[in-house]
Amino acid sequence: DAHGSNEDILMSAQTALTNLASDEGARESIANIDGVTTLLGLLEENVKNRKYVQESMRTLTRLASDDALSSAIAESGTHIIMGAVKRYKNNPDFLTHAFRLLGHLAFVESNLKIIVQYDGIQ
């Protein structure tokens with residue numbers, strides 16, 4: 001959080017988290033420190049930085065392979081994700097990352113209602 005205003009550090013850290021999120025043990029550690037809340041907060045704070053938001057979507061997609069984390073992302077972040085989708089609706093590369101994340105979230109049945117509620121599926 002303290003380095004949220006430094007774009008290079010922020011992007012490097014997010015890329016590292018994306019790589020770490022591939023590991024089950026790292027996903028557990030992220031869950032244990034309520035990392036989803038922090039990641040969603042940083043995404044929301046930096047929504048004007050498309051490249052950062054795209055990388056955040058990649059991180060969240062990897063975290064969503066864990067059902068509990070998927071539920072946390074859907075419950076706390078669908079409105080943030082959809083806000084970014086609306087902001088970058090004309091950017092196909094961004095939309096690929098966002099809809100991949102929404103697709104992963106949709107594998108947890110309880111997430112479907114939340115996704116629909118925020119117009120993630122129309």
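A: This is a predicted model. Let's start where two helices meet: Ser 70, Ile 73, Ala 74, Ile 81, Met 82, Ala 84 and Val 85 of helix 5 touch Phe 94, Leu 95, Ala 98, Phe 99, Leu 101, Leu 102, His 104 and Leu 105 of helix 6.

Q: Why are helix 5 and helix 6 called roughly antiparallel?

A: Look at the angle: their axes cross at roughly 155° and come within 11 Å. Anything over 145 degrees counts as roughly antiparallel, so helix 5 and helix 6 get that label. Their crossing is left-handed, too.

Q: What makes the buried residues of helix 7 sit on the same side?

A: Those residues are Asn 111, Ile 114 and Ile 115. They cover an arc of only 100° around the axis, so they land on the same side of helix 7. Their cover includes helix 5 and helix 6. On the face turned away from that buried side you'll find Glu 109, Lys 113 and Gln 117, which are exposed.

Q: Which residues touch the most other members of the largest nonpolar core?

A: That core has 26 residues, and the ones with the most touches are Met 57, Leu 60, Leu 63, Ile 73, Ile 81, Phe 94 and Leu 105. Helix 3, helix 4, helix 5 and helix 6 each give two or more residues to this core, and helix 5 gives the most, with seven.

Q: What does Leu 63 touch, leaving out residues up to four places away in sequence?

A: Its contacts are Ala 21, Arg 27, Ile 30, Val 36, Leu 39, Leu 69, Ser 70 and Ile 73.

How values were computed: Residues numbered from 1 in each chain as written. Predicted model: local features only at pLDDT ≥ 70, side-chain atom pairs only at ≥ 80, totals over all residues. Heavy atoms only, no water. Buried < 20%, exposed > 50% of the residue type's maximum accessible area, 1.4 Å probe, protein only. Helix = DSSP H or I, 4+ residues; strand = E, 2+ residues; numbered from the N terminus. Arc of directions from axis to C-beta. Contact = heavy atoms within 4.5 Å. Core = buried A, V, L, I, M, F, W, Y, C linked by side-chain atoms within 4.5 Å. Axes fitted to C-alpha atoms, helices over the stretch in contact; angles between N-to-C directions. Parallel < 35°, antiparallel > 145°, perpendicular 65-115°, else oblique. Left-handed = near helix turned anticlockwise from the far one by under 90°.
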